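This report describes a single protein chain for a reader who is new to structural analysis. Please keep the sequence and the structure in view while reading.

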Amino acid sequence: MEFSRSRPRRLRCSPLAEIYPFPIQFYEQPPTENVSLQDFENFAMERLKLLKCVETLGVSHVRTSEAYNKKLENEFRKLKFPYRVSSEERLDEYEIRRKDHISHFILRLAYCQSEDLRRWFIQQELEVFRFRFNELYNKQLEFLKHNKLEYQALSILFQNAKIYGRLRVGRNTLENVSLCRKATKDYSTTVGK
């Protein structure tokens, strides 16, 4: 009996891994594959449930609060939508990302019929994106680079102002600049003591 050394097998990268490298995406390209009618309907209904849940949680909880994030995470898990980078990349993870991609475009088509529907859809998708982006943790910069987004690191003073809760998302830039200047003055007076 002869034994031969076989070459170690390399795991081949799935085409889905190339298409969906992150559990978050910008949905720049529509899906080009064929989808069964059953999948089409299921994907749309599950995405709609997720967006309705995001809306309901946004009314009953403060967005980005601990309770809001926990309940939203449970909904993502229950409806099998991607929301964070897992430590082990599995094939079904890419199938879940594929479902996310397809379902986004299904509802995008359905909700483009009127301005009110479009606004509602964009607002809920923005909350989904915000939650997912925050769940990327140390992969955020990698995601931004992958999508060719230019960014500049925040200064330490600007970060301090944000940490102290003085900057608020959605405020106009001038208001945030004045808050940052105030934080700079506060910081310099405390350092000088």
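## The chain as a whole

The structure is a predicted model. The chain contains eight helices and zero strands. Read from the N terminus on, its elements run α-α-α-α-α-α-α-α.

Of the 193 residues in the chain, 33% count as buried. The chain exposes about 14,200 Å², and carbon and sulfur atoms supply 54% of that area. Among the contacts in the chain with a separation of 6 or more, 64% are accounted for by residues 24 or more positions apart.

## Helices α2 and α3

The axes of α2 and α3 come within 10 Å and cross at roughly 170°. Angles over 145 degrees count as roughly antiparallel, and α2 is therefore roughly antiparallel to α3.

Which residues of the two helices meet? On the side of α2 they are E46, K49, L50, C53, V54, L57 and G58, and on the side of α3 they are Y68, K71, L72, E75, F76 and L79. By class, the contact of α2 with α3 has eight nonpolar, one polar and four charged residues.

## Helices α3 and α5

Helix α3 (residues 66-79) also has a contact with helix α5 (residues 115-135): their axes come within 11 Å and cross at roughly 100°. Angles from 65 to 115 degrees count as roughly perpendicular, so α3 is roughly perpendicular to α5.

From α3, the contact is made by Y68, N69, L72, E73 and F76; from α5, it is made by E127, V128, F131 and R132. The residues of this contact of α3 with α5 divide into five nonpolar, one polar and three charged.

## The loop between α1 and α2

Two residues of the loop between α1 and α2 are described here, namely Y27 and S36. Is Y27 buried or exposed? With a relative accessible area of 9%, Y27 is buried, because buried means under 20% relative accessible area. Y27 has a positive phi of about 55° although it is not a glycine. Most residues other than glycine have a negative phi.

S36 lies in the loop that runs between α1 (15-19) and α2 (37-60). S36 has a relative accessible area of 38% and is partly exposed. The side chain of S36 reaches the backbone nitrogen of D39 at 3.1 Å.

H101 has its place in helix α4 (residues 91-110). The relative accessible area of H101 is 7%, so H101 is buried.

What does H101 touch, not counting residues up to four places away in sequence? With those residues left out, H101 touches Y20, Q25, Y27, Q29, P30 and P31. Y27, one of these residues, is the loop residue with the positive phi discussed above.

## I19 in helix α1

I19 is found in helix α1. Its relative accessibility is 52%, and exposed means over 50%; I19 therefore counts as exposed.

I19 and R97 are 78 residues apart along the chain, and their C-alpha atoms are separated by 9.3 Å.

Note on methods: Residues numbered from 1 in each chain as written. Predicted model: local features only at pLDDT ≥ 70, side-chain atom pairs only at ≥ 80, totals over all residues. Heavy atoms only, no water. Helix = DSSP H or I, 4+ residues; strand = E, 2+ residues; numbered from the N terminus. Buried < 20%, exposed > 50% of the residue type's maximum accessible area, 1.4 Å probe, protein only. Polar contact = N/O pair within 3.5 Å; in protein donor to acceptor, adjacent residues only side chain to side chain. Contact = heavy atoms within 4.5 Å. Areas by Shrake-Rupley, 256 points an atom, 1.4 Å probe, with all protein chains shown as cover. Axes fitted to C-alpha atoms, helices over the stretch in contact; angles between N-to-C directions. Parallel < 35°, antiparallel > 145°, perpendicular 65-115°, else oblique. Nonpolar A, V, L, I, M, F, W, Y, C, P; charged D, E, K, R; others polar.
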